[in-house]
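Please keep the sequence and the model in view while reading.

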Amino acid sequence: MSAAPADIPGPVPGRMALALTVNGRPVRVEAEPRSHLGDVLRDGLDLTGTHLGCEHGVCGACTVLLDGEPARACLTFAGACPGAAITTVEGLDGDPVAAELRAAFNREHALQCGYCTPGMLIAARDLVLRQPEADERRIRVGLSGNLCRCTGYAGIVRAVMGVIAARRARGILPETGTERALGPVGARLGEAAVAVSPPAPALRPGPAAATVTAQAVDLAGPFAPAHRFTQSFDLAHPPQAVFALLGDIAAVAACLPGAVLTGRPDHDTVEGGLQVRIGPIGAIFRGRARIAHDPATLSGAVRGAGTDAAGRSATEGEIRYRVGPGETPATARVVLDVGYTLTGPLAQFGRPGLVRDLAGRITADFARNLDARLAGADAPAPAGLNLLRLLAALVRARLAAWRGRA
Amino acid sequence: MKPAPFAWERPASLPALLDGLDRATGSVKLIAGGQSLGPMLNLRLVEPDLVLDITGIPEFRQARMEGGTLVLGACVTHADIEDGRVPDNTGGALRRVASAIAYRPVRNRGTIGGSLVHADPAADWVSALTALGASVEIAGRSGRRTLPVEAFVTGALDVALRPGEVLVAIRIPARPEGAAWGYVKHCAKIGEFAHAIGAVLIEPDSGRGRAVIGAVEGAPLLLTEASPLFGGRIGADFAARFDPAAADAALIAAGMADRVARHVHVTVLARAVAQAAGHTPTTLPEAA
Amino acid sequence: MSAEGVGAPLPRKEDDRLMRGRGQYVGDIRLPGMQDVAFVRSPLAHARIRAIHVPEACRDRVFTAADLDGVLPIRAVSGLPGFKASEQPVLATGKVRQVGELVAMCVAPTRAEAEDIAASIVLDLEELPAIHDMLAAREPGAALVHEHWGDNVFLETLVDVDIGSAFDAPITVSRTISTGRQCMAPIEGRGTVVQLDHRLDQLVVHTASQMPHIVRNGLSECLGIEQGRIRIVSPDVGGGFGYKAILLAEDVALCWLALRCGHPVRWLEDRREHLTANANCREHHYRITAYAERDGTLRGIDCEATVDSGAYSAYPFSACLEAAQVASILPGPYDFPSYRCRTWSVATNKCPILPYRGVARTGVCFALELVLDAVAREAGIPPEVVREKNLVRPGQMPFENITNKHFDSGDYPEALARALAAIDVESVRARQGGAEPDGRRIGLGLAIYCEQAAHGTSVYSGWGIPMVPGHEQASARLTPDGGLELRIGAHSHGQGLETTLAQVAHEILGVPVARTRLVHGDTAMTPYSTGSWGSRVMVMAGGAVAAACEALRDRAVRIGAHLLQAAPEACRFDGGHVVGPNGDVSLEAIARTWYRRPQDLAPDTDPGGLEVTAGYKPQRDSGTFSYAAHAAVVAVDPDLGAVEILDYVIVEDGGTLVNPLVVDGQIQGGLAQGIGTALFEEMRFDGRGQPLASTFADYLLPGPAEVPMARIDHMETPSPYTRFGQKGIGEGGAIAPPAALANAVNDALRPLGVEMLHSPVTPHRIVAAVLAARSAATRARDAA
C-alpha cells in the first residue's frame with residue numbers, strides 16, 4: 001500500500017486506486033482489494049492509532065468513523081468505500097466531544113494499556129451523541145462491541161455516563177440519526193471501483209504431495225471420531241436391492257453429492273475426492289476410502305480419510321450402515337452411524353453444529369439420489385458444485401502421483 | 001490473518017451485477033456490508049477469485065411500501081431499521097430485532113439481505129423474518145422470482161439461490177391487526193451469536209399463529225400452524241395454554257437429540273410466547 | 001500525604017498519548033525495508049514430519065528447521081528433583097507436539113503475501129495418537145509427548161504434614177473440582193520486529209514483553225551470541241497478564257532471520273494464532289478432601305492436583321511452576337494442622353502454559369473455597385462461619401503457615417467481616433426466602449485468598465528455573481534543568497508506572513510528577529531486572545526508585561548545604577528544597593550548579609553527582625501477602641443457565657496504597673478477568689487435540705455488560721518489610737471471583753440439588769446440571 005497526493009493517477013495492476021477523505025484531508029491510496037481499511041490506514045497512511053485486535057469484527061479495537069458513523073475497519077475492504085470520509089482517533093484531536101471524553105477517561109482511570117482505547121473512544125463518542133440519558137445499563141449494552149481486557153470497564157462506563165450527563169445538563173440533545181441515506185455507511189451509491197486483473201499470480205500448493213497426509217492414515221486401524229451422529233432414511237425398494245446398490249462403490253459415489261472417484265487401487269479401496277461446501281466455505285478433500293460389506297447382516301462400512309490441498313485441513317470419517325426392512329413390505333430402512341473428525345482451520349471454527357447440519361443435508365441428498373437410482377434414473381448433478389473444476393484438480397493430482405511413481 | 005488475493009468489482013446497477021456474475025470464470029462471492037463474509041475472508045475460510053461489491057447499486061438501498069407490504073432492498077442495514085429510517089408495518093417488531101443484532105458498528109454496515117443469504121442459523125433475521133411470514137425477491141438473468149423465507153433458507157449457511165441469482169429485496173407483510181409478537185433470543189453474553197431463538201406471531205382473533213424455533217443447527221424450525229403448541233387451539237388465553245411438552249416433541253421430531261439444548265429452546269420459545277402475551281415488561285434491547 | 005506523593009489518587013500521565021492514538025506498540029513501528037513473516041504451523045496435535053514441500057517459486061523466502069544452523073532449542077528447566085526437561089525446537093524438527101507449533105517461516109513484503117506463501121507449503125505429516133486429557137496422560141500406555149521420558153510427567157511433588165492425624169475427623173468432604181483451559185487474550189497480541197543495527201553490530205529486537213532483560217538472556221542462549229549484541233526494546237504493550245512473560249520461539253526465529261536477510265523483519269501475532277497456537281493457562285484438576293470438626297474447624301486438607309502443562313516447558317517459568325505452587329499455596333489464608341498435597345505437572349499435546357494473572361492461586365482458591373462451602377453444607381452451618389473458624393488471626397501475624405509461607409501482616413477476619421457487612425448477608429438471605437417474580441434464584445458466594453507477591457531470591461532459587469530475581473535496581477538522574485529521569489528494568493503495560501513511580505520519587509524528592517519521566521522497556525537504557533510479573537513492581541521497583549531518590553537527595557543536600565554556606569547536618573530536605581538555617585535552595589538550582597556551574601561546587605563534592613543507581617530488596621524477600629474477601633450476589637436462571645451478578649463486594653488489603661485510583665483499576669480489571677474465568681472463557685479441545693475456538697465469537701471474553709462495578713473497600717495494613725508498607729496487588733482481583741461466583745451459583749441452586757464444580761460455570765453446564773438433578777429427584781420420587 002502506498003499513499004500519494006490526490007492528483008496522481010493510475011494504480012499498479014492488481015491494486016485499486018481509492019480517493020478517500022481521511023481526517024478531513026483528501027488522499028489517494030492504492031491498495032490490494034483484499035486489504036481491509038485497518039491495514040490501509042496503518043500501512044498506507046501511517047495512521048497507527050487504529051489498532052487491530054481480532055480482525056474478525058468482535059473486539060472493536062479497529063473501530064473508526066466511516067462517513068461519521070462507527071464501523072469496523074477490519075471488516076471494511078478497501079474497495080468497499082471509494083469516496084468515503086474516514087475519521088480515525090488521530091482525527092479527533094480537535095473534536096469537542098472527544099475532548100470531553102478524554103478528560104473523563106483520564107479522570108475515571110478508564111484506560112490502562114491503551115490498546116482498546118482508540119476504538120473505545122470512537123464507540124463512546126457515538127453513544128454520547130445518541131444516548132438520550134446517562135443510563136448505565138444502556139451504556140454498557142451500547143459499549144458491548146468493544147472489548148477491554150485491562151480495566152473491567154468501570155472507569156469507562158463512569159466516564160461515558162459523566163459526559164452524557166454533563167452534555168444533557170447543558171441542554172445538548174441526543175442525535176436521532178434519521179438523516180442519512182440507506183445502506184452500509186461508507187458505501188457510496190454508484191461509485192465504481194475495480195481491480196479486475198487478479199493480483200499477482202496466486203501461489204498454489206504444488207500437487208505432488210497433495211494426498212500424502214491422507215495416505216498415511218491407516219484405514220484398517222482403530223478410529224475414535226470426535227463427532228458422531230445417527231441418521232436413517234426410508235427407501236421404497238426392497239432391502240436386498242438397496243444393499244446391493246450400497247455394495248456398488250461407483251454407484252454410491254455417484255449418489256454422494258460432491259464425490260468423485262479417481263481410482264481403485266485394490267478391491268476394498270478407492271481413491272477420490274469429496275467437495276463440501278458450508279455456505280461460502282468450500283473444501284476439497286482428497287484421499288482414500290476402504291469399504292467393507294457384510295451380506296449376512298446387510299450391513300457395511302465405509303472408512304475414509306482426506307486432506308485439502310495444502311494438508312492443512314483434514315478429515316477422517318466412518319459411515320456404518322445397516323439395511324433393514326421398512327415399515328411396509330418391499331421397503332427398506334437404512335440406518336447410518338456417522339462418525340467423523342476434522343482437523344485444521346475448519347475444525348477450529350468452533351461451530352460443530354454447522355458441520356452436522358451439512359452432513360445431515362448430504363445424507364438427505366444421498367438418500368434421494370439412491371432412491372432415484374434404484375428407480376432407474378441417473379442421480380442428478382448437485383447444484384452449485386463446480387465438478388469440472390474438482391475433476392480437473394483431481395486429475396492433476398493423479399497425473400502427478402503417477403509421474404511420481406515412475 | 002489476511003485474506004487470500006481476490007479481484008474486486010463494484011457494479012453500479014443490477015444488470016451490471018448479473019452480467020458480472022455471468023461473466024465470472026472462477027469462484028465469485030457477493031459482498032454487501034461484509035460483516036459475516038469479512039471474517040471468513042480474513043480467516044481464509046473463503047477464498048474467492050472475485051468479490052462483487054453490491055452496495056453501489058441504488059435498487060438495493062431503497063425501502064418502500066407496496067400496499068401493506070414493506071419492501072426492503074437487500075442492502076438496507078440493521079441500523080437503518082433500528083433508527084427508523086425505513087417504514088414500519090410490524091408494530092416495532094423489526095426495529096426491536098434490528099437493534100439487538102451484534103453491535104452498533106456492525107449494524108452500521110451489516111445488511112438484512114446479506115444476513116439472510118449468509119443464513120447463519122444463529123443470526124436474527126433468519127428466524128425473525130420466517131416468523132413474520134416474509135419472502136425474498138430473487139433476480140437472475142432469466143427474470144425474478146419470489147420465495148418465502150422458510151423456503152429460501154435451506155440449511156445452515158445454505159440458501160436456495162441458483163447460480164447467477166441474487167437476492168434483491170425482502171418483502172415483509174404487515175403485522176395483522178391484533179396479532180401478538182414475541183421474539184426472545186438467548187446468548188451467553190451480549191452481542192454473541194444466539195444459542196436459542198424463539199419467535200411467535202399469534203393472531204388470537206383468528207386462532208392462527210406462527211412459531212419459530214431458531215438458532216438450531218440448521219434452518220429454523222417453523223410451525224406455520226402453531227396451535228399444537230397451545231393444546232390445539234389459539235385464543236386470547238394462548239399464553240396460559242402454551243404446552244412445553246408439545247414444543248419439546250416438535251424438536252424431537254426435528255431430530256434434536258440433545259436434551260439440554262431442547263430444554264433451552266423450549267424455554268426461550270415459552271418466553272417469546274409470554275412476551276407476545278405482554279407478560280414480560282419490554283426490557284432494554286439486549287444488544288450493543 | 002502530599003497531593004502528588006505516595007497515596008495520592010493521581011490521574012495517569014500516560015493516558016494522553018494513548019487516547020490520541022499516539023501510543024507506540026510493536027505493530028506501529030515502521031522501519032525502511034521491513035518485511036513481514038507468517039508461519040506455517042502444525043494443523044495436528046501430534047505428528048511425525050515426513051516432508052515439507054516448498055514450491056520452487058518461493059524457496060528463497062521459506063525457512064525450516066534445516067536452515068536454522070546453530071540455533072538451540074528453548075530449554076526451561078527446573079532444579080526441582082525429578083523434573084524432566086523438554087526441548088522446544090524453534091522450528092519443528094522431526095515431530096510436532098501441539099497444534100500451532102512452528103514448522104516453517106515465510107517472509108514477504110506484506111503479511112498477506114507471507115500468508116500466501118505459507119498457504120502454498122504442503123506438510124506431509126504422519127499423525128500420531130495425541131494426548132489431550134491430562135488425567136489420561138498419566139495412565140500407563142498413554143501416547144507419549146516426549147518418548148524418551150517414558151511417561152508424560154514433567155514433575156511430581158508431594159507435601160505431607162501429618163495428614164494421618166486428620167483422618168478421624170467427624171466431617172469428611174471430598175470433591176473433584178477442575179478449572180477450564182484459558183487463553184489470556186490481551187487485546188494486543190504478541191509481536192516482534194527485529195532489525196540489525198550494523199553500526200553497533202547489534203540485533204535490536206522490538207518485542208511486546210513484560211521482561212525484556214530475560215528475553216535477552218534467552219535469545220543469547222538460543223542464538224549463541226553474546227548479550228552485548230542484543231538489545232531488547234519493549235515499547236507500549238497492549239496488555240500482558242503473564243502472556244508476554246516468555247521467550248518466544250518466534251523471537252528466536254526472527255532474530256535468526258534478521259541476521260540471515262539483513263533487513264528488518266516483523267511478525268505480529270494474529271488472533272487465531274493467539275487462540276489456537278500460543279500459550280494457554282489455568283487448566284487444573286483437583287481431588288480434594290477436607291477434614292473438619294462439626295463446628296467447621298478444619299482438621300486437615302488432602303489433595304491430589306494435576307496441572308495440564310502442555311507440550312513444552314515455557315521459558316523462563318517452566319512447566320512445573322504452576323503445579324508445584326499449588327502444593328505450597330493451597331492452604332490459602334487458613335490455619336489448620338494437617339495437610340497433604342501431591343501434584344503432577346503433566347505434558348499433553350496442547351500449547352504450553354504460562355502463569356496467568358493469579359497463576360496457581362486462582363485454581364487453588366477455586367478448589368479450596370468450593371470445598372469449604374461443601375464443609376459448611378455438610379456441617380449445617382453458614383459458609384462464613386467455616387471461614388471465620390479457620391482464618392489466620394491478626395494476633396498470629398507475622399505467621400508461618402503449614403507450608404512455611406510467611407504471612408507478613410493483616411487482619412483476615414476483619415476483611416471477611418467487612419465484606420459480610422457490605423454485602424448485607426441478612427437481607428440477601430431474607431430475599432432468598434421469598435420467590436423472585438422472574439423465577440430466578442438468588443445466591444450468595446464468598447471467597448478469600450491471600451496472595452504472595454514480590455517474592456524474591458529465597459523463593460525462586462528453590463525453584464531453580466532460568467530466572468531468579470535478586471536486588472531490583474533503579475536509576476534516578478536529575479536533569480540540568482531540575483527535571484527527574486527514572487530508569488527501571490521492569491516494564492509498564494497498563495499498570496501506570498510512569499505515574500506511580502513518579503509519585504514515589506515525588507514523595508522523596510518533591511519533583512513534580514509532570515517533570516518526572518520514566519524510562520523502561522529497553523535493555524540498553526535500564527538496569528537489569530527480571531521484569532514485571534508476580535505483582536512485584538511496586539514493591540521492588542518502587543523500593544529501588546525510593547532508594548535511588550534517597551541517595552540522590554543526600555547528595556543534593558550536601559551540594560545545597562555548600563551553596564547555603566551551612567553544614568549538611570544543619571540542613572534538611574523539604575518539598576524539593578534544601579533548607580538551611582539561613583535560607584533554602586531548590587533542586588533546580590542544585591542541578592544547575594552540578595551540571596552548568598561546577599566551579600561553585602565544594603572541592604570535596606561527591607563525584608557521583610546527581611545520578612544514582614541503587615539496588616533494593618525488602619527486609620525479607622519471602623514476599624508480601626495482600627489479601628481480600630470477595631462477596632458476590634447472583635441471580636441464576638435455572639432454565640437457561642444465565643447468571644447475572646447483582647452485587648460484588650471486595651474488601652482488599654494491599655498495604656500502603658501508592659495510588660488508590662490505579663489500585664482500584666487493577667482490582668476491577670482483575671475482577672473482569674476473574675469473571676471470564678468463572679463464567680465465560682474456555683479453550684476446549686476435541687479428542688485429537690484440536691483447539692475448538694479460533695475467534696472471539698467462540699472464545700468469549702466478558703464485555704461491558706457482563707462486568708459489574710465492584711464495590712471496593714480498602715484496609716491498609718502496611719507490610720513491615722517494604723519501603724512504604726506497600727504490597728503487591730496486581731493479580732488479586734483475578735484470584736477470588738471464580739470461587740466466589742461458583743459458590744454463589746451453588747448457593748442459588750442448592751435447593752435444586754445442584755453443585756457446580758468446574759469452571760467456567762457456563763449456561764449449558766448449569767442447565768445440564770439442573771436437568772440431571774430434576775431427573776434424579778424424579779427417579780427418587782418414583783422409587784419411594
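In this predicted model, an open sheet of four strands has the order β7(A)-β1(B)-β3(B)-β2(B), with mixed pairing. Helices (H or I, at least four residues) and strands (E, at least two) are DSSP runs, numbered from the N terminus, and two strands pair if DSSP finds at least two bridges between them. At the edges stand β7 (194-195) of chain A and β2 (28-31) of chain B, each of which pairs on one side only. Within the sheet, strand β1 (residues 7-9) of chain B pairs with strand β3 (residues 50-53) of chain B in the parallel sense over three bridges. Along this pairing, B:Glu9 stands opposite B:Leu52 in β3(B).

Some conventions apply throughout: residues are numbered from 1 along each chain as its sequence is written, while chains are lettered from A and ligands numbered from 1 in the order in which they are written. Because the model is predicted, local features need pLDDT of at least 70 and side-chain atom pairs count only at pLDDT 80 or more, whereas totals for chains, interfaces and linings use all residues; side-chain values use heavy atoms, with hydrogens and water left out.

Chain A contains ten helices and 14 strands. Of its 406 residues, 57% count as buried, where buried means under 20% relative accessible area, exposed over 50%, and partly exposed in between (1.4 Å probe, protein chains only). Among contacts (heavy atoms within 4.5 Å) in chain A between residues at least 6 apart in sequence, 60% join residues at least 24 apart.

Chain B is divided into domain 1 (7-53), domain 2 (58-172) and domain 3 (180-276), with bounds that come from an automatic or database domain assignment. The C-alpha centres of domain 2 and domain 3 of chain B lie 21 Å apart. Their contact takes 24 residues from domain 2 of chain B and 22 residues from domain 3 of chain B.

Chain C is divided into domain 1 (31-128 + 184-276), domain 2 (130-182 + 280-392), domain 3 (426-439 + 630-784) and domain 4 (471-616). The centres of domain 2 and domain 4 of chain C, taken over C-alpha atoms, are separated by 46 Å.

Helix α8 (residues 360-379) of chain C has 20 residues and reaches 28 Å from its first C-alpha to its last, close to the 28 Å expected at 1.5 Å a residue; the expected span is 1.5 Å times one less than the number of residues. Because 17 of its 20 residues are buried, α8(C) is largely enclosed by the rest of the structure. The helix is followed by C:Gly380, whose phi is positive, near 70°.

A further open sheet in chain C has three strands in the order β22-β23-β24, with antiparallel pairing. Strands β22 (572-574) and β24 (583-586) of chain C stand at the edges with a single partner strand each, so one side of each is left without a neighbour in the sheet. The twist averages 30° from one strand to the next; axes are lines fitted to C-alpha atoms, for helices over the stretch in contact, and angles run from 0 to 180 degrees between N-to-C directions. Strand β23 (residues 577-580) of chain C pairs with β24(C) in the antiparallel sense over four bridges, and C:His577 stands opposite C:Ser586 in β24(C).

Two helices accompany this sheet. Helix α14 (residues 537-563) of chain C lies across β22, β23 and β24 of chain C and runs at about 50° to β23(C). Helix α15 (residues 587-596) of chain C packs on the sheet, touching β22, β23 and β24 of chain C, and its direction makes about 65° with that of β24(C).
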